[in-house]
Amino acid sequence: MSSLSQSAASPDASHVLVVEDESFVRMVAVDMLEDAGLPVAEAPDADTAMRLLEGKAQAFCVLFTDIDMPGSMDGLTLAARVRARWPHIRLVVTSGRVRPGTDALPDAGCFLPKPYGRSDLLDALGQAA
């Protein structure tokens with residue numbers, strides 16, 4: 001069992017924040033994580049995610065975000081802002097269109113290409129530092 005899965009077993013487990021503008025894709029990702037026993041919060045865009053994190057960032061251990069989203073920032077900008085403000089939050093960025101270079105990801109961030117399966121998602125969450 002990964003350390004992420006072990007922490008989910010405790011009653012005060014940290015949440016994974018899933019940020020995805022496509023509602024069906026978001027629902028599938030949330031279901032995969034919940035089926036693995038992880039508590040999840042979700043947001044349809046980066047602006048909503050930032051509002052969720054304000055004052056509650058300690059409740060989250062991982063940000064899982066799509067790159068291409070509407071709003072004031074994309075997923076890479078969101079990940080960089082989260083890393084700068086809340087360095088304890090691990091970062092996993094995904095896209096089916098964009099393949100960012102390692103220099104485009106914030107330090108210790110992990111990229112997961114779409115489409116992905118449950119084991120790919122859980123592995124990426126475990127690799128993010």
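Two strands are taken to pair if DSSP finds at least two bridges between them. Helices (H or I, at least four residues) and strands (E, at least two) are DSSP runs, numbered from the N terminus. The structure is a predicted model, in which local features need pLDDT of at least 70 and side-chain atom pairs count only at pLDDT 80 or more, while totals for chains, interfaces and linings use all residues. Residues are numbered from 1 along each chain as its sequence is written, and side-chain values use heavy atoms, with hydrogens and water left out.

The chain contains five helices and five strands, in the order α-β-α-β-α-β-α-β-β-α from the N terminus. Of its 129 residues, 44% are buried, where buried means under 20% relative accessible area, exposed over 50%, and partly exposed in between (1.4 Å probe, protein chains only). Contact is defined as heavy atoms within 4.5 Å. Among contacts with a separation of 6 or more, 65% are between residues 24 or more positions apart. The chain exposes about 6,400 Å², and carbon and sulfur atoms supply 51% of this area; accessible areas come from the Shrake-Rupley method with a 1.4 Å probe, and for residues only the protein chains shown count as cover.

Strand β1 is largely enclosed by the rest of the structure, because four of its five residues are buried. Strand β1 runs parallel to β3, with five bridges, and parallel to β2, with four bridges. Valine 19 stands opposite threonine 65 in β3 and opposite alanine 43 in β2. Threonine 65, in strand β3 (residues 60-66), is buried at a relative accessible area of 1%. Beyond residues up to four places away in sequence, threonine 65 touches Val19, Gly75, Leu78, Val92, Val93 and Thr94.

Strand β4 (residues 90-95) pairs with β5 in the parallel sense over four bridges; valine 93 has phenylalanine 111 of β5 as its bridge partner. In a regular strand the side chains alternate between the two faces of the sheet. In β5 (residues 110-113), Cys110 and Leu112 form the covered face, and Phe111 and Pro113 the uncovered one.

A nonpolar core is a set of buried Ala, Val, Leu, Ile, Met, Phe, Trp, Tyr and Cys residues joined through side-chain atoms within 4.5 Å. The largest such core has 23 residues, and those with the most contacts inside it are Leu17, Val19, Leu53, Leu63, Leu78, Val82 and Ile89. Two or more residues of this core come from each of β1 (15-19), β2 (40-43), α3 (46-53), β3, α4 (75-85) and β4. Leucine 53 is in contact with Leu17, Phe60, Val82, Trp86 and Ile89, leaving aside neighbours within four places in sequence. A second, separate core of 19 residues includes Ala29, Val92, Ala124 and Ala128.

Valine 28 lies in helix α2 (residues 23-35) and is partly exposed, at 30% relative accessibility.

Two local backbone features were found in loops. Alanine 108, in the loop between β4 and β5, has a positive phi of about 70° although it is not a glycine. At 40% relative accessibility, alanine 108 is partly exposed. The peptide bond from lysine 114 to proline 115 is cis, with omega near -5°, and proline 115 belongs to the loop between β5 and α5 (118-127).
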